[in-house]
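Visitor: I would like to take a close look at a single part of this structure, please.

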Amino acid sequence: MNAFIRSFASEWLKRKRSLAAWLVVCGAFFTPAIIFTAKLIRHGHLAAESAQPTYWQHLWKSAWESMAIFLLPLGVILATSLITQLEYKNNSWKLLHTTPQRYSVIFGAKLAVVLVMMGQFLLLFNVGIYLAGVLPGLLLGVPYPAAPIPYAAFLSDDGRYLVACLPIVALQYLISLRFRNFLVPVGGGLALWILSVAVLSWQYGYLIPYTYCSFTFLQGQPRFAQPVALLPWAVGYFLLFTGAAYGLYVQQREKG
Amino acid sequence: MQAPYVLETQQLSYRFGDGTAILQDLDLRVPAGSIYGFLGPNGAGKTTTLRLVLGLLRVQQGQVQLFGQPFAPHRLAALRRIGALIEAPSLYGHLTAIENLQVLQMVYQCPAARIGQVLSTVGLAGTGTKPAGRFSLGMKQRLGIAMALLHQPELLILDEPTNGLDPNGMLEMRELLRTLNQQHGTTILISSHLLAELEKMVSHVGVIHRGRLLFQGTLAELQQQRPGNARLWLTTSDAAKTMSLLQARGLDAQRHEAACSVPLLAPAAVADLVRTLVREQVDVYEIRPSQPDLEAIFMDMVTA
């Protein structure tokens, strides 16, 4: 366990100032920044909106609309690929593989960094939504929203989106560990994401592992209803892809 | 009890996917406490050998032993005692020199004070917040060596470490490696095609060409390996007359401006030659055997 923690700390330091780290911060605040700007432009409606009992739910839904279908899958595709690209770009797989670490520890620590970055992204996104909800009012002298923030519901949603992203993380991790060329995981990820958008209305859309973020957002709408529970499928795909990624990684003939 | 060889390979062979043989039956033996120069022209198989030794390539045939134990089942224990720099240094370009070392310090669990020590050792103590990606090639090479030294390894494996270094940098590197070897007992395996550079620091030599080990032993043994290469140099008052006298004796004489050379002769033949020259009124200024340098021996081996 200590070896894993040390390896994780080392991997976490590597992402400092990297494109992946900036992507998490910028991606998390992108949609809230747009909502904030829209609220400033439409400041005449602020007071009425702020007084509504479902103020936070509306804000939450509008923030997740673009995030769940577009930005989150694309961000996960990019961030996961960028983390492994750190080693290819710096020609440092050979350095990493000559440190006294088990391959399982290296594999797990890198994957853990991607997952913690996702957690970091969700945290920052939640902070961004809160700020987008209260800052325009504070700046323009509108009272603080009357309705309480439904923390439990929001945390539950965060958890479901996190699980929904896991298959994307695992498959992108698998592809980006195998291919030195950054365009392969990114191109493959984009193709799968486009496919996932195309099959949203299909009754077997759940078979495409990149659909779960969108389905999580669209759940409750009969047109997009799926015949299976999505989150167990997401976890299943995650385990399958992670196992395959580890097998392929360990069996690589050249390790740097 | 310490193993006599820090690194030993037995019948190590490697082929590319298309069947091209890269290494053939390599029996490398690096004695403890030595500076072992691994010599060979580009494409000879040096880097492939070092990558196999470090587990970066999977061994297809043969065995690798490090510190007296088979490498594969004792990989982690062996890697804890090894510092390596293979080909171009592996650095995280967006991190500073200190952060690059911290990445390794966390894994090796060595004291944080070592970071400052190794940076001073390689002359990079003042790089501050500059990202490693903006370092010159020489600075990157130094940082790569600092990273290899961080955990005070018993065996240092360096693949072409002087690439990108200026003459002064090469001199400093040589001094550093000598100090590590003599004061800390670090065994050093250093590959290079810069033969003259290695000749100045190694105690042992392995010569590889087209995947085969052509020679292995001490530097002195290598220099004695090919006495046929040694020649007798004569500087006289009349080089042209000297040449004709030498050729008249059926010797393979060569003219080198004011001097002449012939293959090394037995002592009695040298005395007879001198008497002849004096009798023919040619003054003999200097007569000396040439020790073939490593480069000449090496070229002789690989072109044989």
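Visitor: With which residue does A:Lys39 form a salt bridge, and how far apart are the closest N and O atoms?

Guide: This is a predicted model, in which local features need pLDDT of at least 70 and side-chain atom pairs count only at pLDDT 80 or more, while totals for chains, interfaces and linings use all residues. Residues are numbered from 1 along each chain as its sequence is written, chains are lettered from A and ligands numbered from 1 in the order in which they are written, and side-chain values use heavy atoms, with hydrogens and water left out.

The partner of A:Lys39 is A:Glu49, and their closest N and O atoms are 3.2 Å apart; a salt bridge here is a side-chain nitrogen of Lys or Arg within 4 Å of a carboxyl oxygen of Asp or Glu. Because A:Lys39 lies in helix α2 (residues 19-41) of chain A and A:Glu49 in helix α3 (residues 46-51) of chain A, the pair ties together parts that are ten residues apart in sequence. Such helices are DSSP runs (H or I, at least four residues), numbered from the N terminus.

As for accessibility, A:Lys39 is buried, with a relative accessible area of 11%, whereas A:Glu49, at 23%, is partly exposed; buried means under 20% relative accessible area, exposed over 50%, and partly exposed in between (1.4 Å probe, protein chains only).

Over all chains, the structure holds 18 salt bridges. Another of them joins the side chains of A:Lys110 and A:Glu87, at 2.7 Å from N to O, and this pair links helix α6 (residues 103-140) with helix α4 (residues 55-89) of chain A, 23 residues apart. Here A:Lys110 is buried at 1% relative accessible area, and A:Glu87 is buried at 0%.

Methods:
Helix = DSSP H or I, 4+ residues; strand = E, 2+ residues; numbered from the N terminus.
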